Every structure is written in C-alpha cells, then in structure tokens.
Amino acid sequence: MEKSALVLFSGGQDSTTCLAWALSRYTKVETIGFDYGQRHAIELDCRPRVLNTLRKDFPEWSERLGEDHMIDLSVLGHISDTALTSEAAIHLNENGLPNTFVPGRNLLFLTLAAALAYRRHITVLVGGMCETDFSGYPDCRDETIRALQHALNLGMETHFDLQTPLMWINKAQTWKLADDLGGSSLIELIVEETHTCYLGDRTRRHRWGYGCGTCPACQLRANGFEKFKG
Ligand code: ZN
C-alpha cells in the first residue's frame with residue numbers, strides 16, 4: 001500500500017477508470033498524458049476537468065492524487081498516417097487492422113512513462129490496455145505488455161510493474177468496475193467529463209455520455225453502458 005503509481009491518463013473512459021483503480025490502491029498517484037497530434041484534442045481538454053472533479057468530489061483520493069505530466073509527442077503524428085492523426089475516414093487496412101491503429105503508440109507511451117517514473121522513483125505503471133475489446137490492436141495484447149515490461153526492466157535495470165486492470169474485462173465490466181470503485185458519482189463523472197468518440201463529437205449527449213454514437217469507439221462505449229445498466 002506504500003507504493004506509488006504513474007497512470008497513463010488520456011481523459012477517456014478507460015484511463016479514468018484506471019486512475020480510480022490506482023487511487024484506491026496506491027498512496028501516491030501521478031498521471032501522464034501525451035499530445036501526439038490527435039485529430040481531435042477534445043480528449044486532452046477533458047483531462048484537467050476529470051482531474052479537478054476527482055479532487056473536488058473524492059476527498060479520500062484527492063490527497064493521493066499528485067502531479068500531472070503532459071508530454072509533447074507531436075513527432076508521432078508526423079510519422080503516422082492514421083485516422084486518429086489525419087482526416088482519413090475510418091476503415092480496415094489490408095492487414096485487417098483498423099486505420100485508427102497508431103503504430104508504436106502504446107510502446108512509446110509506456111517507454112516514456114517508464115523514463116519519467118524512473119526519475120520520480122515510481123515503480124508501478126498503470127495503463128488501460130485491454131485484450132477483450134481491443135479492435136485487434138497488437139500493442140494492447142497482454143503478451144506485448146509483458147514483453148515490454150521485461151525489456152524496460154532489462155534496459156533500465158529496474159523492477160517496473162506494468163499493471164493493466166482492464167486487460168481481461170469487457171466494456172460493460174469496465175463500467176461496473178468504475179461503479180465498484182467510486183459509485184454513482186464516478187459513473188456520473190465518466191459520463192459527463194470523459195471522451196471516447198473517434199470523431200471528437202461533443203454536441204450529442206447520450207445516456208452514456210457525449211459522442212457521435214456511430215463510430216466504433218462510441219458503439220463500444222454505448223453497448224457496454226447498456227449492458228452494465230441491464
Ligand atoms: Zn463517435
């Protein structure tokens with residue numbers, strides 16, 4: 001319980017649930033976010049609002065919530081040609097992967113998070129990677145994360161522990177996990193303040209939050225919410 005953790009925090013549903021998970025387990029929790037030239041920076045705008053609401057509505061967690069680190073990773077947008085970093089429409093590539101896949105993204109995120117954690121004497125890294133609803137993203141696989149943990153620990157002579165609390169659960173169970181951790185106030189925070197939509201639509205409000213309602217990310221979030229509500 002004395003451990004500190006660094007959470008990869010994008011301002012979306014998954015990473016907000018991971019942040020709540022970490023706050024319920026570790027005495028000191030810091031957050032890291034990346035600006036990689038996302039087509040829509042709306043998710044990044046959600047980050048400070050989520051952090052402020054957590055500080056305001058969850059006094060127990062507020063004491064544990066430490067520094068937020070924002071990293072400029074615009075170079076990733078320059079070398080990637082994906083539907084998340086350009087105006088391309090979302091479709092499946094020839095290899096069967098959706099063009100929302102940003103090659104190397106999670107590998108870079110975790111490596112940079114580890115470099116920061118090293119400096120701040122943090123050993124636990126928390127990420128929202130999930131193999132259950134992973135759209136086929138190979139860098140969300142448990143095997144990838146385990147291999148990266150091994151590489152980081154070899155390369156930095158450290159004992160990093162990469163935690164992925166969402167790895168084996170689906171979106172309905174992610175909503176349930178948030179409910180278990182923070183009750184209806186956390187569900188409300190996630191609905192109102194987090195953002196998942198690939199198209200960056202915040203003009204339409206649904207039961208499950210804001211979004212276009214039709215992109216793959218919205219569909220996953222909406223279906224999960226309806227199942228969670230039963
Ligand atoms: Zn959408």
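Tutor: The sheet is open and has five strands, ordered β3-β2-β1-β4-β5 with parallel pairing. Because β3 (65-72) and β5 (161-163) stand at its edges with a single partner strand each, one side of each has no neighbour in the sheet. From one strand to the next the twist averages 25°. Strands here are DSSP runs of E of at least two residues, and helices are runs of H or I of at least four, both numbered from the N terminus. Two strands count as paired if DSSP finds at least two bridges between them.

This is a predicted model: local features need pLDDT of at least 70, side-chain atom pairs count only at pLDDT 80 or more, and totals for chains, interfaces and linings use all residues. Residues are numbered from 1 along each chain as its sequence is written, and side-chain values use heavy atoms, with hydrogens and water left out.

Take strand β2 (residues 28-35) next. It pairs with β3 in the parallel sense over six bridges, and Asp 35 has Asp 72 of β3 as its bridge partner. Strands β1 and β2 also run parallel, joined by five bridges; Ala 5 is bridged to Val 29 in β2. Six of the eight residues of β2 are buried, so the strand is largely enclosed by the rest of the structure. Buried means under 20% relative accessible area, exposed means over 50%, and partly exposed is in between (1.4 Å probe, protein chains only).

Thr 31 lies in β2 and is buried, with a relative accessible area of 0%. Contact means heavy atoms within 4.5 Å. Leaving aside neighbours within four places in sequence, the contacts of Thr 31 include Leu 6, Val 7, Leu 19, Leu 65 and His 69.

Helix α1 (residues 13-23) lies across β1 (4-8), β2, β3, β4 (124-126) and β5, and runs at about 175° to β1. That angle is taken between N-to-C directions, on a scale from 0 to 180 degrees, with axes fitted to C-alpha atoms and, for helices, over the stretch in contact. Since 10 of its 11 residues are buried, α1 is largely enclosed by the rest of the structure. Among the buried residues of α1 are Cys 18, Leu 19 and Trp 21.

Thr 123 sits in the loop between α5 (105-119) and β4. It is partly exposed, at 34% relative accessible area. Its C-alpha atom is separated by 6.6 Å from that of Ala 5, 118 residues apart along the chain. Beyond four places in sequence, Thr 123 is in contact with Lys 3, Ser 4, His 159, Phe 160 and Asp 161.

Now the cysteines. The SG atoms of Cys 197, Cys 212, Cys 215 and Cys 218 coordinate the zinc ion at 2.3 to 2.4 Å. Donors are N, O and S atoms within 2.8 Å of the metal (3.2 Å for Na, K and Ca); water is not among the atoms, so sites may look incomplete. The donor residues are spaced C-x14-C-x2-C-x2-C in sequence. Cys 215 and Cys 218 are buried, and Cys 212 counts as buried at 9% relative accessibility. The structure holds zero disulfides, a disulfide being a pair of cysteine sulfur atoms within 2.5 Å. For Cys 140, the nearest cysteine sulfur is that of Cys 130, 7.6 Å away.
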